[in-house]
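This report goes through one chain, part by part. Keep the structure in view while reading.

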Amino acid sequence: MVSEATELVKKELPLDLETVILPEDGVIGLVLVDIINGFCTVGAGNLAPREPDRQITGMINESARLAKQFCEKGWPVMAFLDSHHPDKPEDPYPPHCIAGTDESNLVPALQWLEKEANVTIRRKDCFDGFLGSIQDDGSNVFVDWLKNNQIKTIVVVGICTDICVLDFVCSTLSARNLGLLTPLKEVVVYSDGCATFDVPLHASKGALTHPQGLMHHVGLYMAKQRGAIIASEVSIGSSCP
Ligand SMILES: [Zn+2]
C-alpha cells in the first residue's frame with residue numbers, strides 16, 4: 001500500500017523520468033550494485049527480505065534483462081558485491097554479506113555473469129562502490145574499467161537505491177566533474193532496475209525507519225540532484241538523431 005506520506009513526498013519532489021535508448025554504436029557500461037543474496041533472496045540473512053518483495057523481484061528481472069543484452073553485445077559490465085570481513089561491522093546495520101558466504105554472492109538469476117568474459121566483479125567492504133574499488137596500490141578497479149573500455153555512458157542498477165546505488169552515483173558524478181573519469185559523460189540510473197528495503201514506521205521497533213516506496217523515490221531524486229539521468233525505460237536501439 002502506498003502511504004499518504006509517500007504520495008506527499010512524490011508531489012513535493014516530482015521526478016521527471018526519461019526514456020533512454022542506448023545507441024547500438026555507443027560505448028556503454030552496465031554497473032550492477034549489490035544484487036546479491038544477502039540483500040535480495042528471501043531469508044538469506046539479516047538484511048535480506050523476510051518475504052517476497054515486488055520491488056526487489058522487479059529490480060532483479062530488469063537487471064538480468066539488461067545484463068543479458070549487454071553480454072550478448074560484449075559490452076562491459078561491472079558488478080559490485082558487498083563482502084565484509086566478520087570483524088569489521090558496518091554501522092548502523094547488523095552483520096551482513098560476510099565474505100565467503102552465499103550472502104555475498106550474486107542472486108541465482110545473475111550467477112551466470114561470473115563466467116562472462118566482459119564482466120568485471122569487484123567485492124567491496126563499504127557502501128560506496130567507487131571508494132570500494134580502491135586497491136592496496138592506490139589504483140581503482142572501477143576507474144580502470146571505465147578508462148580501459150573508454151566508456152561514455154554508464155547505466156546503474158541494483159540495491160539499495162538510496163544507499164549503495166546513491167553513494168556510488170554521487171562519487172562517480174563528482175569524480176566526473178573533476179575531470180577524473182574522461183570520457184565518461186552520462187550516468188543513467190534506471191528506476192525499475194533499482195530497489196530498496198522496507199521497514200515502515202510501525203515495524204521499526206526503535207531502529208531507523210525505512211519505508212520502501214518513499215526511500216526509493218528520495219534516492220532517485222537525490223541522484224538526479226547530482227546530475228544523474230533517471231530513466232523509466234532503458235533499451236538498446238539504433239542511433240537515430
Ligand atoms: Zn554492507
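## The model

The structure is a predicted model. Every angle and distance below is computed from its atoms.

## Helix H6 and its two partners

Helix H6 covers residues 212–225, and helix H1 covers residues 4–12. Their axes lie 9 Å apart, and the packing angle is about 15 degrees. Angles under 35 degrees count as roughly parallel, so H1 and H6 are described as roughly parallel to each other. Their crossing is left-handed. On the H1 side the contact is formed by Ala5, Thr6, Val9 and Lys10, which meet Gly213, Leu214, His217 and Val218 of H6. Sorted by class, this contact has four nonpolar, three polar and one charged residues.

Helix H5, residues 164–177, also packs with H6: the axes come within 10 Å and cross at roughly 0 degrees. H5 is therefore roughly parallel to H6. Val165, Leu166 and Val169 of H5 make the contact with Gly219, Met222 and Ala223 of H6. By class, five of these residues are nonpolar, one is polar and none is charged.

## Helix H3

Helix H3 runs through residues 54–73 and has 20 residues. From its first C-alpha to its last it reaches 29 Å, close to the 28 Å expected at 1.5 Å a residue. Just after H3, Gly74 has a positive phi of about 75 degrees.

Which residues of H3 are buried? They are Ile56, Met59, Ile60, Ser63, Ala64, Leu66, Ala67 and Phe70. An α-helix has 3.6 residues a turn, so residues three or four places apart point the same way.

## The loop between E3 and E4

Strand E4 spans residues 119–124, and Leu106 is found in the loop between E3 and E4. Is Leu106 buried or exposed? Leu106 is buried, because 21 other C-beta atoms lie within 10 Å and the cut-off for burial is 20 or more. Leaving aside neighbours within four places in sequence, Leu106 is in contact with Ile35, Ile36, Ala79, Leu81, Gln111, Leu113 and Glu114. The C-alpha atoms of Leu106 and Tyr221 are separated by 27 Å.

Gly100 lies in the loop between E3 and E4. Gly100 has 10 other C-beta atoms within 10 Å and is therefore exposed, since the limit for exposed residues is 12 or fewer.

Cys97 is not a glycine, yet it has a positive phi of about 50 degrees. With 28 C-beta neighbours inside 10 Å, Cys97 counts as buried. Pro92 is in the loop between E3 and E4 as well. The peptide bond from Asp91 to Pro92 is cis, with omega near 5 degrees.

## Backbone details in other loops

A cis peptide bond also joins Ile159 to Cys160, with omega near 0 degrees. Cys160 lies in the loop between E5 and H5.

Asp34 is placed in the loop between E2 and H2. Its phi is near 55 degrees, a positive value in a residue other than glycine. Asp34 is buried, with 25 other C-beta atoms within 10 Å.

Key: Residues numbered from 1 in each chain as written. Predicted model: local features only at pLDDT ≥ 70, side-chain atom pairs only at ≥ 80, totals over all residues. Axes fitted to C-alpha atoms, helices over the stretch in contact; angles between N-to-C directions. Helix = DSSP H or I, 4+ residues; strand = E, 2+ residues; numbered from the N terminus. Parallel < 35°, antiparallel > 145°, perpendicular 65-115°, else oblique. Left-handed = near helix turned anticlockwise from the far one by under 90°. Contact = placed C-beta atoms within 7 Å. Nonpolar A, V, L, I, M, F, W, Y, C, P; charged D, E, K, R; others polar. Expected span 1.5 Å × (residues − 1).
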